[in-house]
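Please read the points below alongside the sequence and the coordinates.

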Amino acid sequence: MAWPTIDRNTPVIDKDAPPVLGDAVKTKIRSFFERYETKKAALLPALHIVQESLGCISWQAMEEVAALLEIPPSEVFDVVTFYTHYWTKPRGRKAVVVCQSITCEVMGANELLEAIQRQLGIGVGQTTPDGAYSLATEECLALCDHAPCVLINEKKHSRVRTQDVPALLADPNNDKLDVARSELYDP
Amino acid sequence: MPRIEIDGVQVECRGGITVLQAALDAGWSVPHYCYHPGLSITAGCRLCLMEMQLPHPKTGTMDWSPKLVPSCQTMVRDGLVARFASEKVRGNQRRTLEFFLLNHPLDCPVCDQAGECLLQDYSLEFGEPVSRMHDAKHKTPKKDIGPRTLLYTDRCVLCTRCVRFTREVSGTNELCITNRGSREEIDVFPGRPLDNLLQGNVVDICPVGALLDKDFLFKQRVWRLMRAKSICPGCSTGCAVWIDSNEDIVYRLKPRYNPGVNDWWICDDGRFGWKYVHDPKRIVRPLLRRGGAVETPAWDSIPEIVNVRLRAIVDAQGAGRVAAVLSPMMTCEEAWLLIRFIRGLAPEATLVSGPAPLEGEMHTFPVGAIGANVKFTVRREKCPNRRGVDTLVSHAGGPALSFDAFCEQAAAGAFSAAWIVGGYPKTWVTKELAEKIAKIGLLIVQDMFPNALTDAATLVLPVCAFAEREGTFMNYAGRVQPFDRAIAPPDGARRDGQYLYELAGFAGLYNPERVRGMMAEEMPLLGKVEPAPAMAEHQH
Amino acid sequence: MPDYEPVLLRNVGVEGSTTLPVYRKRGGYRALAKALKMSPQEVTEEVKAAELRGRGGAGFPAGVKWGFLPRDRTVTYLCVNADESEPPTFSNRVLMEHDPHQLIEGTIIAAWATQARVAYIYMRVEFHEPFHILQRAIDEAYAAGLLGKNILGSGYDLQMYIHRGAGAYICGEETGLIESIEGKRGWPRIKPPFPAIEGLFRRPTVVNNVETLCNVVHILERGAQWFTSIGPAGSYGPKLFCVCGPVNRPGCYEGPMTITVRDLIHGDAWGRGMIDDRGVKAVLPGGISMGILTGDELNMKMDFADPLKYGLLGLGTAAAVVVNEDTDIRVVLRNITRFFAHESCGQCTQCREGTSWSYKIARRIAAGRGRPEDLDILAETAGNLGMMPGLSICGLSDGAAFPIRTLVQKFRGELEGYIRANCGVRMAQPVSE
């Protein structure tokens, strides 16, 4: 052939590899089946649970979720790539998400993002070598009254100024929620 | 039959179809990509939008609605009034086409689809010659998505026909859409490539050159190809196909619309299983074994050779010592001619229906569907005309045997002369079979490839491939389907129809319609030919 | 605006407002008890009489929507749209974070009216605190017999589940939301059939916004007549307004739909003016999808009708972001086009390619390399996106078209100035793209 092509014929999953989804995760996913008319409708919750458990959604995880929900792996692949929340590459322990939408931009989100990149030494979509932080951007987080805003895992940080960045990223509790949590989606 | 009005013209159409289908059936050229009558409706490409009359919300009188409506999602109903010939509709077509071309690579010189590409055709009709985008095109990668198919994603227009095909027709779900927005790509799960018996159809339904057949890649430009209407001989389903050839070389087979039999599809076995047509090992010349030597007699001498030798046997030992084995690879006309010749010479000759090879399992699609939900079937009987041959043999009456019984009796020495027709693309003669039949003194064998029978035969005649012949096949359901010849037989060969015609006592060129007429006088059933209807000219 | 007593926001700032005991002490779940004694038809009629228009952006009357459900249906679903992804809206977030039981009560009442057996709350995944707060409130409601089997002894059963999204604006479109609950990519469906006939799992379905359902509680408690005593005809009832950007007091506030954009920015009960008294260059008052206003158009009333006179698509989510005179309008254009290019689902050709092309042009203009024909192409592309109705399957393309068209139209002078100067001053590029 004249052009080089990406090979989709060769398997990317080692067929002798042990399963990546533990029993607890599978039980948690199955507990969502009774909420819907089809098993497939549990796909978004299942992927959230898997991502919380494994840090990202690998090819093997996609296949195992597909088998559990009795749907083709191609449909899992379809959904994982459509939604921006799912990571297919390994993610750091803390995901820093910077809002990019109109209010945050007019309130200085670009400078904030640059400051975070400088502080962490990584670009958007990347992870620090020690696995502590990953950086991502997202469209409007609906925290516009706190612009410019940043999410670190589940916790929101409001009106973050560039000079606040080093302290923010050094704080070990920067992802701890103040409110009582529901464990519904925890693996 | 609802009556609708399109562009001021009254159109009577079938019920239960969309306005787009009705317009195409009536000859309108309406651009469309995502609509396909065999797939679900998504209305995503937005090319087929039309104007429609609806009751005015305030006055209630019928007036042109300001809203354009996709003609592929509007069902016909009596009294519907629509138009395509308006500035609004044409404006939308032009602008939508511009959007399709924005990121499309200028690959025409190297793209297989050129010449049969809807993007090219629509651009010619209503496109702009120059792109207005000064920014970089969004480039997506080329992919090898299966053992037989490539996906050049940068050419894809995201009509999603291929994805719907693997979900709704083959039921194998290999293809999916990934990413979102202008970054979308068609893809497969890595390690689970596009690999099912119907996968070749996605290349047909792709309106552009994104999905490509590896077998045909770069082989031939489509405007050099001549099309002939044929029937696939791969199994008893009898799918209608187009044979695309150039200078007597077949380049590819494509499905031909045939509602109720194969609709718009064919399987990969039929699509790619014709390579034997150009196999150099084929028998192309008559061979005569005389006194230890092997001769190649001229074609014109064959009728005399055959008649003399057969008559000798009949006179000496009686007509009952003669047998004819008719292969289910023969057309109805060829079989009828052979029966006429043999029984004319030896009225008590035994007729035998040749073996119908059964292979593998029956495959139904979509995978897992049963009953009325089955859309396509690949049958176990790997020959096109067993029912036709059986019908002719039983109609002819007189002595007849099954093939197995024939073999036993031949081994026991019951026959002194036999005319055996093979013509199977795959090996069909085992050592045991040859030993049983080789006892027959005068063995005339018609076959495509050399085997133990042709090695033992007195006279060997070539069987031509389906692409070189014409006539009718009767499929599993009893439907008699005609087909035309596409290419000339290999050098030195003569079509079966021609020499059987001469043997049967007719002069001139073999004319299958004429033979069919004569056949129909005896058996009206075989005269009821059902050619596949043509698809609408502007449909794809 | 003096003497306005908050209704929807009445529990905000109250200690323990997210818990059932506090909600009940402040009068909560009385409306539900009342509704369960009425027939579903009576509840629907009350909401119809109140002329409650949907608060999610489309403004479709809620009672009328409930009335579309087929009479002979057996299974009905109610979906609550808590996807709230329209920049810069955050009113639903405030409601769920501070008064989750108000939403729960409104949902149960709406489910009773539509006879739904399950209510799915589709919440965007980025709402972490609201999720935990609302899920715990739902758990409280189950424990107190307000959800599950035989609610308050009425014989009515209702399950309520939160279904978290995964980062897609298009899943705020009602059929995109339905597809997402079903476990697929959020591609909106072609209509007909409409969700009321064939929606979630192909059953009759109603999709309502969070704020709309919170209003249902008060309509049942105080009556339709009370509701129609607030605000002008065609825009009845209390409304939440968001204001953000460089104003002194960004936030979510409540009032009737009689206020103007000027009130929202400068009013004492509202934004309290611009930081450092900077001038207003532009406002996007309905969420970015509705279009843009210049600093001279601040007299626009924030109701369902007035925005159309200013060339906007509608009231939208009534969330205003203010752009001050120091902000380059090219930044605004680039940001808006980038949003729609990222969020377009990709199904329809015009939206998929049009939003992406618009973004490429806006990015180039912002980088100082604009060409004279770019503005015409932007205006034309906006027209092809969705100015003419019917060109695409859902309203995202209309939402992309209006801001681009109004921005290019109303700020043409400024944009042309940049292009003509081609000053080559490199804009601060967003580093992510």
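1. Domain bounds here come from an automatic or database domain assignment. The model is predicted. For chain B, the assignment gives domain 1 (3-95), domain 2 (105-278) and domain 3 (303-356 + 383-527).

2. Domain 2 and domain 3 of chain B have C-alpha centres 39 Å apart. Their contact draws 17 residues from domain 2 of chain B and 19 residues from domain 3 of chain B. On the domain 2 side, strand 12 (226-231) and strand 13 (240-246) of chain B each supply at least two residues. Strand 12 of chain B gives the largest share of that side, 4 residues. By class, the domain 2 side has 10 nonpolar, 5 polar and 2 charged residues.

3. The contact between chains A and C takes 48 residues from chain A and 52 residues from chain C. Elements of chain A giving two or more residues to its side are helix 2 (43-54), helix 4 (73-82), helix 5 (102-106), helix 6 (109-120) and strand 3 (133-138). The chain A side divides into 26 nonpolar, 11 polar and 11 charged residues.

4. Helix 2 of chain A has 12 residues and reaches 16 Å from its first C-alpha to its last, close to the 16 Å expected at 1.5 Å a residue. After helix 2 of chain A comes A:Gly55, with a positive phi near 90°.

5. Why is helix 2 of chain A largely enclosed by the rest of the structure? Of its 12 residues, 9 are buried. Among them are A:Leu43, A:Leu47 and A:Val50. The buried residues of helix 2 of chain A pack against helix 1 (23-30), helix 3 (59-69) and helix 4 of chain A, and also against strand 3 (159-164) and helix 8 (174-181) of chain C.

Methods. Residues numbered from 1 in each chain as written. Chains lettered and ligands numbered in written order. Predicted model: local features only at pLDDT ≥ 70, side-chain atom pairs only at ≥ 80, totals over all residues. Contact = placed C-beta atoms within 7 Å. Nonpolar A, V, L, I, M, F, W, Y, C, P; charged D, E, K, R; others polar. Expected span 1.5 Å × (residues − 1). Buried ≥ 20, exposed ≤ 12 C-beta atoms within 10 Å, placed from the backbone.
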